[in-house]
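Dear colleague,

Please find below the structure that I am handing over to you. My notes on it follow directly after.

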Amino acid sequence: MMIRRLTFVLCMTLLVCSLAFAQTTLNGAGATFPNPIYSKWFGEYHNEHPDIQINYQPIGSGGGIRQVLAGTVDFGASDGPMTDEQLSQAKTKIYHIPTVLGAVVPIYNLAGVTTDLKFTPDILAGIFLGKITTWNDPAIAKINPGVKFPNEAILVVHRSEGSGTTYCFTDYLSKVSPEWNSGPGKGAAPKWPVGLGAKGSEGVAGMVRQSEGAIGYVELIYAVQNNIAYGSVKNAAGNFVKGSLEGVTAAAASVKNMPADFRVSITNAPGKSTYPISTFTWLLIPAQAKDAGTQKIILDFLNWMLDKGEPMAQQLTYAPLPHEVAEKVRATVKQIR
């Protein structure tokens, strides 16, 4: 009798322990642009909720959109909003939830040049169109007086996969360059006229860092973390502005009427201090999750993000959502039921 009681108590103890340590796992995939802040958020959320694990694969915005449409992940992520055509393919409504803002900066590797370089819209478009091919081109030298440029070929590096960072960069080029707009155009995976492709923001940063004469584009955090030089860009007001939280925040402030679905572009925005290659980044949340438990966790995380996650953004060189946008997001989250 005593053995039976001990066996019963032991079994119940094991059951309680297994329930206590049972873990719910959510899976997401998409943009590399916000991966540093998402990694921070998902880790902190897990610390507060040990029974919940959020896995995120930074495979690029294009991959995130494909997977959320296929229903193989609980959420996606993108730096470029889904198109109407893509949304029409979804089995359920997909909400665009803006999370933070960031800057896409032109990074370069040029030995002997210690001054921060300046880039105009025409120069950036010319380089990525393959029309400006050497660093001592007169157009580059003219706006960077005093810099001794080598007669060295420019190696263009771009993303090899569908990318929201690419979408932001080409959205900007399409606004400032008629030739780019009528040629490659804006998109997550345009047909690049020149250059070598690298996978992910990490890949672009790594290739530029290792290649003398290279130029590429990454989210600001990747330039800072990898100690890669990045230049200032001439904005719509005619001022040269280097990527920064202040410049990104100024770009966000240019949006006077935020669309209800939050699909908005803030590249080449007006304003003296605005950084011109700025963007929101979005989580892509299906209106109907795979089950009620998953839905509850996603909604709880989104509210946690607004309350506790946003204050962490600046630590990783992202700009938090403006208060008005955050309140609109909070109201939208309440609609996801």
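Y108 stands opposite A229 in strand β9. This strand, β9 (residues 229–230), pairs with β4 in the antiparallel sense over 2 bridges; two strands pair if DSSP finds at least two bridges between them. Helices (H or I, at least four residues) and strands (E, at least two) are DSSP runs, numbered from the N terminus.

The model is predicted: local features need pLDDT of at least 70 and side-chain atom pairs count only at pLDDT 80 or more, while totals for chains, interfaces and linings use all residues. Residues are numbered from 1 along each chain as its sequence is written, and side-chain values use heavy atoms, with hydrogens and water left out.

With β8 (residues 214–219), β4 forms 5 antiparallel bridges, and V105 is partnered by V218. A further 2 bridges, again antiparallel, link β4 to β13 (residues 319–320), where L101 faces A319.

D137 belongs to the loop between α5 (121–129) and α6 (138–143). D137 is buried but has no salt bridge (a side-chain nitrogen of Lys or Arg within 4 Å of a carboxyl oxygen of Asp or Glu). The nearest side chain of opposite charge, K142, is 11 Å away. A polar atom of the D137 side chain does, however, lie 2.9 Å from the backbone nitrogen of A139.

Yours sincerely

Conventions:
Buried means under 20% relative accessible area, exposed over 50%, partly exposed in between (1.4 Å probe, protein chains only). Lys and Arg count as positive and Asp and Glu as negative; His and the chain ends are not counted. A polar contact is a pair of N or O atoms within 3.5 Å; within protein, one must be able to donate a hydrogen and the other to accept it, and residues adjacent in sequence count only if both atoms are side-chain atoms.
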